[in-house]
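Got the viewer open and a selection tool ready?

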Amino acid sequence: MSALDTLNGSAFSAFGQQFLWTDVVGNGLGLAGLAFGWRRSVWAWPVQLLSGVVLVAANWSAHLTGGVGKQLLVIGVAVWGWAQWRRGARTSGGIAIRFATWRERGLLVGGTVVGLFAVVGLFSLYPSLSWNPWPDAYIFVGTVAAMVAMARGWVEFWFAWLAVDVVGVPLAWNSGLKFSAFVYVLYFVLVIAGMHAWWQQTRVPRPKAPALEGAAAA
């Protein structure tokens, strides 16, 4: 038996349902990554990357081709977000948290809508990629939008995750990924707590830049 077969095997049974190792481990790592994000730790990204690798196997076993593609894209965004946060930590000593500007919100929402229709169009042209194009595409694009907002340090990141959870719970449950559905509920609790923590962080006054020596003389 290969390592992939072992990962796709049953971890435990509960309430008449089978829970797969890939589902349990992948979503457990995703939950840990979100918790690290709440604490503004750079570790959020490598943990999220590892979660994506495991969930590729979980979605593949459930024949969710769109989910596989989403996780591959998540892995790519996690690498980019990791680089963004490491750069921010080096230049300013921490991750700057703020609300996005109206222009940034418009770009995020507009990009999400365009991405949604583009992915639905792709799934419609190639039905083998997804048996349920709209919710699959919604979670696909919504997850990427949330991670982009997280990489930028925008509080709106948490709102994006809430929007993904609304569709993610029933889709995961109906697809046989029972643990994913359960974890999405835990995500909801963690997202509310993280949203409050980041929101409060935006109220912390930033230290004023030191005055130029010539300013006093002027």
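Which residue takes a positive phi just after α6? Select Gly153: its phi is about 80°. Keep in mind throughout that this is a predicted model.

Now step back into the helix itself. Select residues 133-152, and you have α6, with 20 residues. From its first C-alpha to its last, α6 reaches 28 Å, close to the 28 Å expected at 1.5 Å a residue.

Next stop, the outside. Pick Val109, Val113, Phe117 and Trp134 together: they form a nonpolar patch on the surface, with about 420 Å² of accessible area between them. Helix α5, residues 102-125, supplies the largest share of that patch, three residues. Zoom in on Val109, which sits in helix α5. Is Val109 buried or exposed? Its relative accessibility is 52%, so Val109 counts as exposed, the cut-off for that being over 50%.

Last, jump to residues 21-38, helix α2. Its end C-alpha atoms are 26 Å apart, and that agrees with the span its 18 residues should have at 1.5 Å a residue, because this also comes to 26 Å. Color the buried residues of α2: Thr22, Asp23, Val24, Gly26, Asn27, Gly30, Gly33, Leu34 and Gly37. While you're looking at those, recall that an α-helix has 3.6 residues a turn, so residues three or four places apart point the same way. Then move on to Arg40, which follows α2 and has a positive phi, near 60°.

Conventions: Residues numbered from 1 in each chain as written. Predicted model: local features only at pLDDT ≥ 70, side-chain atom pairs only at ≥ 80, totals over all residues. Heavy atoms only, no water. Helix = DSSP H or I, 4+ residues; strand = E, 2+ residues; numbered from the N terminus. Expected span 1.5 Å × (residues − 1). Patch = residues over 30% accessible without salt bridge, like charges linked within 9 Å, V, L, I, M, F, W, Y side chains within 5 Å. Areas by Shrake-Rupley, 256 points an atom, 1.4 Å probe, with all protein chains shown as cover. Salt bridge = Lys/Arg side-chain N within 4 Å of Asp/Glu carboxyl O. Buried < 20%, exposed > 50% of the residue type's maximum accessible area, 1.4 Å probe, protein only.
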